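Please keep the sequence and the structure in view while reading.

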Amino acid sequence: MENQFKLALFVAIIGAIATTIAPCIPTLLQEIRPSDEGPAMVTDSIEPPSLKAINPNLPSPQKPDTPILWHAVAEDPDGDPISYKFLLRGSSGETNPLTGWKDDNEWIWNTEEYGVGRYVISVLIRDGNDEEGALDFDDSIECPYTLEESRPEIHAQPPPSNSPPTILDFWPDEGSPQVAGTVVRWNVQTEDPDSDQVDIKFKLKDASTGEVLLATGWGPQSTWSWDTSGWEPADYMIEVQARDGNHASADDYDDISDQEYSIL
Ligand SMILES: [Ca+2]
Ligand SMILES: [Ca+2]
């Protein structure tokens, strides 16, 4: 079950980054395979395993201090256990094994030990039916990978620091109460630490029930004129909301203030 989960996770990861990773195709490492001294492989009714893919969890390039998880996918027609060995070739052209033969098809490349440069990661597999030569193997794939200082990691970077705006003051030009017919101009003073545009919304509410009677849209205007003509003598609540678009979602606000106002 754990392996199935790992495979599902792997497939999901590879699917997500498939568009950015060049496919790594099987490549025979001829310089490693013993050419003239190795024993003949046992072939009668025993099929060698084959490598289907080798993939990093993060697409190339990455920064030199990024650990890269390599995952090999292999199959053996006989269902034999498969052994894996991971190797690395650097700019010198020298290929060095970085693991011994192991049952685990994953390997973490701790890149902080390596500098900026172009590398080739290889994986060798064998099914244990040809253990005569320590370097012998049944299949291999190599995959180029670059470490660069300047490239960002694929991990989402935290957004730049941003602070929500605040309402500093909220006042009418005519104090409460007023007779119906007065045009009351409401003013709001806001402050955004990042100098973002602050959008404002005004609402007129029934002070006793909280019912919204009138509302403006969102906009940068810091004043709103309430023509009280035709409004019943009553206690009202004027509400102002402010947002910079970087914090509260959808129609929500970052800061709010309200005042009661009476019409006689
Ligand atoms: Ca086999
Ligand atoms: Ca802000």
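A nonpolar core is a set of buried Ala, Val, Leu, Ile, Met, Phe, Trp, Tyr and Cys residues joined through C-beta atoms within 7 Å. A residue counts as buried if 20 or more other C-beta atoms lie within 10 Å of its own. The structure discussed here is a predicted model.

**Cores**

In this model, the largest nonpolar core has 17 residues. Those with the most contacts inside this core are Leu51, Ile54, Ala72, Val123 and Ile125. At least two residues of the core come from each of strand 1 (50-56), strand 2 (68-75), strand 3 (83-89), strand 6 (117-126) and strand 7 (139-147). Strand 6 gives the most, with four residues. Another core, of 14 residues, lies apart from the largest one and includes Trp186, Ile200, Val240 and Tyr261. In soluble globular proteins, nonpolar side chains tend to be buried together.

**The chain as a whole**

The protein chain contains one helix and 14 strands. Of its 264 residues, 22% are buried.

How confident is the predictor in the protein chain? The mean pLDDT is 83, and 77% of the residues reach 70 or more. Over residues 7-22, however, the pLDDT is below 50, and this stretch has eight contacts in the model beyond near neighbours in sequence. Residues 30-45 also have a pLDDT below 50, with 13 contacts beyond near neighbours in sequence.

One open sheet is formed by four strands in the order 4-3-6-7, with antiparallel pairing. Strand 4 (95-97) and strand 7 stand at its edges, and each has a single partner strand, so one side of each lacks a neighbour in the sheet. Direction ignored, neighbouring strands of this sheet are turned by 25° against each other on average.

Is strand 7 largely enclosed or left open by the rest of the structure? Seven of its nine residues are buried, so strand 7 is largely enclosed by the rest of the structure.

A second open sheet has three strands in the order 8-9-12, and its pairing is also antiparallel. Here strand 8 (166-172) and strand 12 (223-227) are the edge strands; each has a single partner strand, so one side of each is without a neighbour in the sheet. From one strand to the next, the twist averages 20°.

| Strand pair | Bridges |
|---|---|
| Strand 3 and strand 4 | three bridges |
| Strand 6 and strand 7 | nine bridges |
| Strand 8 and strand 9 (residues 183-191) | six bridges |

Individual residues can be followed across these pairs. Arg89 has Thr95, in strand 4, as its bridge partner. Asp169 stands opposite Gln189 in strand 9.

**A residue in a loop**

Asp251 lies in the loop between strand 13 (234-243) and strand 14 (255-263). Is Asp251 buried or exposed? Asp251 has 9 C-beta neighbours inside 10 Å and therefore counts as exposed, the cut-off being 12 or fewer. In sequence, Asp251 and Lys201 are 50 residues apart, while in space they are 10.0 Å apart, C-alpha to C-alpha.

Methods
Residues numbered from 1 in each chain as written. Chains lettered and ligands numbered in written order. Predicted model: local features only at pLDDT ≥ 70, side-chain atom pairs only at ≥ 80, totals over all residues. pLDDT = per-residue confidence, 0-100. Contact = placed C-beta atoms within 7 Å. Pairing = 2+ DSSP bridges. Axes fitted to C-alpha atoms, helices over the stretch in contact; angles between N-to-C directions.
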